[in-house]
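Here is a short briefing on one protein model. It covers a strand and its partners, a nonpolar core and the salt bridges.

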Amino acid sequence: MNYSNIKKIVFTLVAAALMISAMPGEPVITKNGKQAIVNTTTIAADIKGYNGPTPLKIYITNNKIDKVEALPNQETPKYFFKVKKEMLDKWNGMTVNNAINANVDGVTGATISSNCVKKTVKRGLEYYKKNK
């Protein structure tokens with residue numbers, strides 16, 4: 001098997017995995033008691049980071065963000081780890097409206113991933129406001 005064939009197989013497997021993860025099996029908004037959980041996998045699939053979308057789960061109780069959690073993605077692990085560690089908790093405790101308009105600082109060295117996460121959070125919160 002040559003390099004070109006291996007590359008095609010890997011691309012096909014990655015594309016299939018992304019399609020499966022974005023299938024509409026899980027609703028965008030689920031409830032856990034009073035908490036709403038917004039899964040941005042399908043609604044923000046067009047927002048691209050360095051290597052593709054950065055799907056998130058946004059946990060909301062009483063119109064305030066409890067936490068933002070990263071879902072599996074194709075970003076470079078070393079850089080996306082910094083985004084998860086330094087950025088995702090910056091929305092915690094904000095109201096949905098404040099978080100939509102917040103100017104959250106990105107992570108130095110992970111600018112593209114940071115920008116993607118910010119856009120994904122905003123898209124998820126806007127969806128929540130319209131569909132809660």
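Gln 35, Ile 37 and Asn 39 point one way from β2, while Ala 36 and Val 38 point the other way. All are buried, meaning under 20% relative accessible area, with exposed over 50% and partly exposed in between (1.4 Å probe, protein chains only). In a regular strand the side chains alternate between the two faces of the sheet. The model is predicted: local features need pLDDT of at least 70, side-chain atom pairs count only at pLDDT 80 or more, and totals for chains, interfaces and linings use all residues. Residues are numbered from 1 along each chain as its sequence is written, and side-chain values use heavy atoms, with hydrogens and water left out.

- Helices (H or I, at least four residues) and strands (E, at least two) are DSSP runs, numbered from the N terminus.
- Strand β1 (residues 29-32) runs antiparallel to β2, joined by 4 bridges; pairing requires that DSSP finds at least two bridges between two strands.
- Lys 31 stands opposite Ala 36 in β2.
- The hairpin of β1 and β2 has 2 residues between the strands, and Gly 33 takes a positive phi near 70° there.
- Strand β3 (residues 56-61) pairs with β2 over 5 bridges, also in the antiparallel sense.
- Val 38 stands opposite Ile 58 in β3.

**Nonpolar core**

- The largest nonpolar core has 25 residues, of which Trp 91, Val 117 and Leu 125 touch the most other members.
- Such a core is a set of buried Ala, Val, Leu, Ile, Met, Phe, Trp, Tyr and Cys residues joined through side-chain atoms within 4.5 Å.
- Elements giving two or more residues to this core include β2, β3, α2 (77-86) and α4 (111-131).
- The largest share, 4 residues, comes from α4.
- Beyond its neighbours within four places in sequence, Leu 125 has contacts that include Ile 58, Ile 65 and Val 96, where contact means heavy atoms within 4.5 Å.

**Salt bridges**

- The whole structure holds 2 salt bridges, each defined by a side-chain nitrogen of Lys or Arg within 4 Å of a carboxyl oxygen of Asp or Glu.
- Asp 46 pairs with Arg 123, with the closest N and O atoms 2.8 Å apart.
- Asp 46 lies in the loop between β2 and β3 and Arg 123 in helix α4, so this pair ties together parts 77 residues apart in sequence.
- Asp 46 counts as exposed at 52% relative accessibility, whereas Arg 123 is partly exposed at 28%.
- Lys 67 and Glu 69 form a salt bridge at 3.6 Å, N to O.
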